[in-house]
Amino acid sequence: MSNSDAGTPSGSPAEAVDVPQQLAAYGSWLGEHLETRAADREISVDFRPKSTVENDRPALWNSSISDFESVTTVSADSARSVTGATVSRTQGSGEGSPMTDADDVIIQLDRVFKIFGPQPRGRALTLAKSGMRKNEVQKATDHVVGMSDVSFDVKRGETFVIMGLSGSGKSTAIRTVNKLHDITDGHVYVDGVDVQALEGQALQQFRREKMGMVFQHFALFPHRSVIDNTGYGLKVQGVEREQRNAQSLEALRLVGLDAFAHSSPRQLSGGMQQRVGLARALAADPDILLMDEAFSALDPLIRRQMQDEMLAIQDQLHKTILFITHDLNEALRIGDRVCIMKDGAVVQIGTPEEILTQPATGYVAEFVQDVDQGRVIDVRTIMKEPVIVDASMTVQGALEKMDGALAAFVVDSEGRPTGLVALDDANTALAAGSNDLGSVVRNDFDTASPRATFNEVYAEAGRGLGIAVVDESGVLVGSTHVRDMMEEMGRVERLIDGFEREVFM
Ligand SMILES: Nc1ncnc2c1ncn2[C@@H]1O[C@H](COP(=O)(O)OP(=O)(O)OP(=O)(O)O)[C@@H](O)[C@H]1O
Ligand SMILES: [Mg+2]
């Protein structure tokens, strides 16, 4: 029996395959790439590490394609024997899947542990399960805790982002979803399927049909055109050329590269190549996209552009996206929910706003302190119940009804705001002896959607008047004011400062 990742290859590697056994055993990156290629009988590439990284395991784990020189082309079968991809295990029953009642959870990790080392299920697992931290487990057992008690649910159509520093276990987590890693303990379910129980053909088919993957260093085949690169996965699935090209072209259109369909990858910039990667993942129209640092190698401007494009594509397609990044700004920008990991464990899961305004620990607070809160916090969080007044009221009457609120609104019969009474205006009028509310009602007020972020309403807020918060049909649903915004920002600042003291003192 063998694992597809850290396990010893099944049987001895075929002589023709010049991959050091050590490399096959420890290079999960290599395993993944060999396995992908092994699916295609024509093309199987044997990667040999450049000598500097050969005996350096951490370097291997973190290697990219440029760290390897391609030496020989081997048959799919020998590549499989190196990665252990042909080892068949009895099909699991998939019992106990909690997702059979078709709720909207599509990916579920349930108390997953992943231990790297020769005896993953030994003492290291026991210690990790007892709550011992990654460093200590490593000291005590010389095993690496890749994931410790990780649980999360990803909902259908959601963009779920895993964020954490290097080594926190992000890639390990995403790789359990398509079983590029076997897990040591726990369960992984995708659409009701117990992923761990899948083997051989069933696993390959599951990967191809259910999910598309995009990685940081996305390797395109240099001698194939952009459209052929895009349709590569479809070809492996046996889709006919005509159909393949139609689907590939559609995917290229989505990423804005249809004009380059017949170009060579060499003619594309890094950002464009990464887009081909996205198109390739989209071409087979999978339910799930797995994206591991997909934009991290791009320079900031292009990266933002890619994020925007992905958001736009997501608006159209509603895929389930599991996205990995070490950049909190990126996480907050694109995630519906964000999961923060540290040392293999989950620290907090929440909406960008929850992460930012209710950081669960000093660790999260440290991350969020540099984030522009105004970009994430929206008006909905702080809006107040609107005070509604009638233009026929007296100023005195309106002030009583407002009870200190900074603004009140006059609305039409549909509930749409037509006028604003500012507290200051009303007080000034009363002091000047005027009790006519009609004379203080303004119609030069601003409106905002509850979903607008602070940044989007700064200009309006800056006028110092109340803002009418209205729904899509223009009906008044709340009221806000620059002072409410400042108060909320102040609250978050103080919270983060509090954590900082906890962390540094
Ligand atoms: N194949 C492997 N064998 C042994 N240890 C591994 C292997 N893959 C990962 N690890 C270890 O597991 C831990 C988590 O690694 P992982 O690659 O998941 O981190 P990451 O959060 O993706 O980091 P990065 O941001 O650098 O990509 C690290 O300590 C790493 O050294
Ligand atoms: Mg990683």
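Val161, Ala279, Leu290, Leu322 and Val421 touch the most other members of the largest nonpolar core, which has 115 residues. A nonpolar core here is a set of buried Ala, Val, Leu, Ile, Met, Phe, Trp, Tyr and Cys residues joined through C-beta atoms within 7 Å. A residue is buried if 20 or more other C-beta atoms lie within 10 Å of its own, exposed if 12 or fewer, and partly exposed in between, with C-beta atoms placed from the backbone. The largest share of this core, eight residues, comes from strand S3 (residues 105–116). At least three core residues come from each of domain 2 (156–182 + 198–350) and domain 3 (380–486), the bounds being those of an automatic or database domain assignment.

The model is predicted: local features need pLDDT of at least 70 and side-chain atom pairs count only at pLDDT 80 or more, while totals for chains, interfaces and linings use all residues. Residues are numbered from 1 along each chain as its sequence is written, and chains are lettered from A and ligands numbered from 1 in the order in which they are written.

The chain has 505 residues, of which 42% count as buried. It contains 21 helices and 17 strands; helices (H or I, at least four residues) and strands (E, at least two) are DSSP runs, numbered from the N terminus. Two residues are in contact if their C-beta atoms, placed from the backbone, lie within 7 Å. Of the contacts between residues at least 6 apart in sequence, 66% join residues at least 24 apart. Valine 421 touches Val389, Ala398, Ala407, Ala408, Ala426, Leu437, Val440 and Val441, not counting residues up to four places away in sequence.

One open sheet has six strands in the order S8-S9-S10-S5-S11-S12, with mixed pairing. Strands pair if DSSP finds at least two bridges between them. Strand S8 (211–215) and strand S12 (345–350) are at the edges with a single partner strand each, so one side of each has no neighbour in the sheet. Inside this sheet, strand S9 (residues 288–292) and strand S10 (residues 320–325) pair in the parallel sense over five bridges, and leucine 289 stands opposite isoleucine 321 in S10.

The loop between S9 and helix H13 (300–317) holds phenylalanine 295. Phenylalanine 295 is buried, with 24 other C-beta atoms within 10 Å. Its contacts, leaving aside neighbours within four places in sequence, are Gln274, Arg303, Met306, Gln307 and Glu330. Histidine 217 is 78 residues from phenylalanine 295 along the chain, and their C-alpha atoms are separated by 9.2 Å.

A second open sheet has four strands in the order S4-S3-S6-S7, with antiparallel pairing. Its edge strands, strand S4 (144–155) and strand S7 (193–194), each pair on one side only. S3 pairs with strand S6 (residues 185–190) over five bridges in the antiparallel sense, and glutamine 108 stands opposite tyrosine 189 in S6.

Strand S4 also takes part in the packing of helix H6 (residues 134–141): the buried residues of H6 pack against helix H5 (123–129) and S4. These buried residues are Lys134, Val137 and Thr141. Seen down the axis of H6, they fall within an arc of 65 degrees, so they line one face of the helix; the arc is that of the directions from the helix axis to the C-beta atoms. An α-helix has 3.6 residues a turn, so residues three or four places apart point the same way. The face of H6 turned away from the buried side carries the exposed residues Asn135, Glu136, Lys139 and Ala140. Just after H6, aspartate 142 takes a positive phi of about 65 degrees.
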